[in-house]
Amino acid sequence: MEDFLSEFPELSRETLRFIKKGFDASYRAFSREYGDAIEAVFDPVLYFLVWFEKLLQNSPWPIVLICFLTVIYFGSRKISVTIGSLFAFLLIGIFGMWEDTMSTVSIIGVCTMLSIGIGIPVGVLMAKSERAQRICTPILDIMQTMPSFVYLIPVVMLLGIGKIPGLLAVVIYAIPPIIRLTNLGIREVDREVLEAADAFGANPRQKLFQVQLPLALPTIFAGINQTIMMALAMVVIASMIGVKGLGQPVLKAITNQYFAMGLFNGLAIVALAIIFDRVSQSFGHRIQQHRSGSRE
Amino acid sequence: MSEIKIQIKNLYKIFGKNPESALEQVKDGVNKDELLEKHNHVLGLKDINLDIKEKSIQVVMGLSGSGKSTLIRHINRLIEPTDGSVVVDGEDVLKMNDENLRNFRRTKTAMVFQRFALLPHKTVLENTMFGLHIQNIDEKDANTRARRWIDRVGLSGYEEKYPQHLSGGMQQRVGLARALTNDGEILLMDEAFSALDPLIRKDMQDILLELQDELHKTVVFITHDLDEALKIGDRIAILKDGIMDQEGIPADILLSPKTQYVKDFVEDVNRARVIKAKHIMSKLNGQDRDNAMFVDQDDFIDRFIDKVISDKPNCLIIKNKNNDEIGYLSTKRLSEILKR
């Protein structure tokens, strides 16, 4: 009786081992059976990612830099942000991190596109159906709180080490904000405006594209911003499973205690994060200018 | 003038988990408070019957919670009734499938909302074209039609502004332009002017009456303001707690209120400004024309009362548009009506 109270009654060691072993064995069998097929599904994404990375790395750096600055200027419409970005990129290049930065930009870019492409439709679905919301909410909670190393294990078992597992890890971690905020944005649309759309005979598609999505856009944009930030935060962890970029030198610096190397690459990630954040935020502000001030 | 456009018959609406069983209770005579207390259902509308004539303005008046906004939403079926029927142009709105209902809403009706319900991300012009975009009408045609109505409600020059930059009165003009651009025969106005300042409200009422003179739409107008109801309405229906207390022309409601509720409501109204000569005249039977005063049948009392006081006629002879004598009014009856 004393034993029962002081020690939590647990399964015997053999049973536990049997359960874990059985679980692992069946998953291994599954990955042996379907690993290649599943990998093939991701081939197009891989090709695109590799192409994009090569494009950024192999084009002459002045052209890439000019393209970046053009996008930054037209995204933010701010000279200060553009000039700040110019200096950041020049420093990155001078300190020998240009190639790694291009790798990181390419994987962040592809992850963001994937997250938007999957996240917005899922968010719309959640907003339209209570059932979808009930199913998706706990899954999103798990995606955001489960330590990323845990879901890296099955992904690596299934697909091996490389770009695609890294991409999946980043997307799993970064996609919840855009799904949640798309859902929230659509649910927050003024009931009376929706009623007006109904009263004028709008069908569900017209309501979605002419009323709900445009009105939810500022909130959706906050989600995109969050998604980019979280993707950047995953860069180091993704480098553990073979994703090239600024994460790998950081990882090397941790294992070998190279403080300066870690610091430089870390600062490069921070610089990218700030640039992405400023550009996407000012773009987000601009698309909702109708809410205050005039358009002139 | 007399064709019936919208016919509402035995309409019931009960809000709650099991409206059907609550409906039986209501039909058995359970009242609103009892229904809420014992069965946890809210009685929205009870046995509403209303025939709305073509090309007239039907006002539905009541205080908040009386069910007036619920009633107007049954006409274009934004709300499903628990029981009853709504027939528009001989077709039962409640039997339409989704596609037919959308077409009905697109082409037959247009609605103006209390809090405007404009799209904040679209300009005045784009908002006005909203109904036409929904119908997939081509851009050029939609543009011309929208601009015409923007001009008609006095918003020329504001086409490219966003609703947030306009005052409440101007926003509601956009709401009105949007509804008129849709060109439906039925205009549903849900407390359309209630959120506006008194002066602007008066402006909007005048615009509506002016447009109605020209357009002859069938207008259903919801309001909680009796003065507004009397000014605009060809007929007025008074709702209380989901029950229709009285329905009729403004003068009848003023002169012979059927229930205490209506009586309380109309007590403080200035009758001289609401009642027309034709409403209170009696049949002619050989009245003396000596010192008689002639009055047009559509004149409100306050238009001729000063003259009655200064000229002291023996009686008033009422004439119609063709100058035929159609009735008379004694000064004694006139003073009774004004004293009530």
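Colleague: At about what angle does helix 15 of chain B run to strand 13 of chain B?
Modeller: This is a predicted model, where local features need pLDDT of at least 70 and side-chain atom pairs count only at pLDDT 80 or more, while totals for chains, interfaces and linings use all residues. Residues are numbered from 1 along each chain as its sequence is written, with chains lettered from A and ligands numbered from 1 in the order in which they are written. Helices (H or I, at least four residues) and strands (E, at least two) are DSSP runs numbered from the N terminus, and angles run from 0 to 180 degrees between the N-to-C directions of axes fitted to C-alpha atoms, for helices over the stretch in contact. Helix 15 (residues 331-339) lies across strand 12 and strand 13 of chain B, and its angle to strand 13 is about 70°.

Colleague: And in what order do the three strands of that open sheet in chain B come?
Modeller: Two strands pair if DSSP finds at least two bridges between them. Strand 11 (293-296) and strand 13 (325-330) each pair on one side only, so they are the edges. The pairing is mixed, and the order is 11-12-13.

Colleague: Which residue in strand 12 is the bridge partner of B:Phe294?
Modeller: Strand 11 and strand 12 (residues 315-319) of chain B pair in the parallel sense over four bridges. Within strand 12, the partner of B:Phe294 is B:Ile317.

Colleague: Which helix of chain B gives the largest share of the side that touches chain A?
Modeller: Contact here takes C-beta atoms, placed from the backbone, within 7 Å, and 20 residues of chain B meet 18 of chain A that way. By class, the chain B side has nine nonpolar, seven polar and four charged residues (Ala, Val, Leu, Ile, Met, Phe, Trp, Tyr, Cys and Pro are nonpolar, Asp, Glu, Lys and Arg charged, the others, Gly among them, polar). Helix 4 (98-107) and helix 6 (130-134) each supply at least two residues. The largest share, four residues, is from helix 4.

Colleague: How far apart are the centres of domain 1 and domain 2 of chain B?
Modeller: The bounds, from an automatic or database domain assignment, are 56-69 + 97-271 for domain 1 and 277-339 for domain 2. Taken over C-alpha atoms, the separation of the centres is 35 Å.

Colleague: What percentage of the residues in chain A is buried?
Modeller: Chain A has 13 helices and zero strands, and its C-alpha atoms fill a box of roughly 75 × 60 × 45 Å along the principal axes. Of its 296 residues, the buried share is 35%.

Note on methods:
A residue is buried if 20 or more other C-beta atoms lie within 10 Å of its own, exposed if 12 or fewer, and partly exposed in between; C-beta atoms are placed from the backbone. Two residues are in contact if their C-beta atoms, placed from the backbone, lie within 7 Å.
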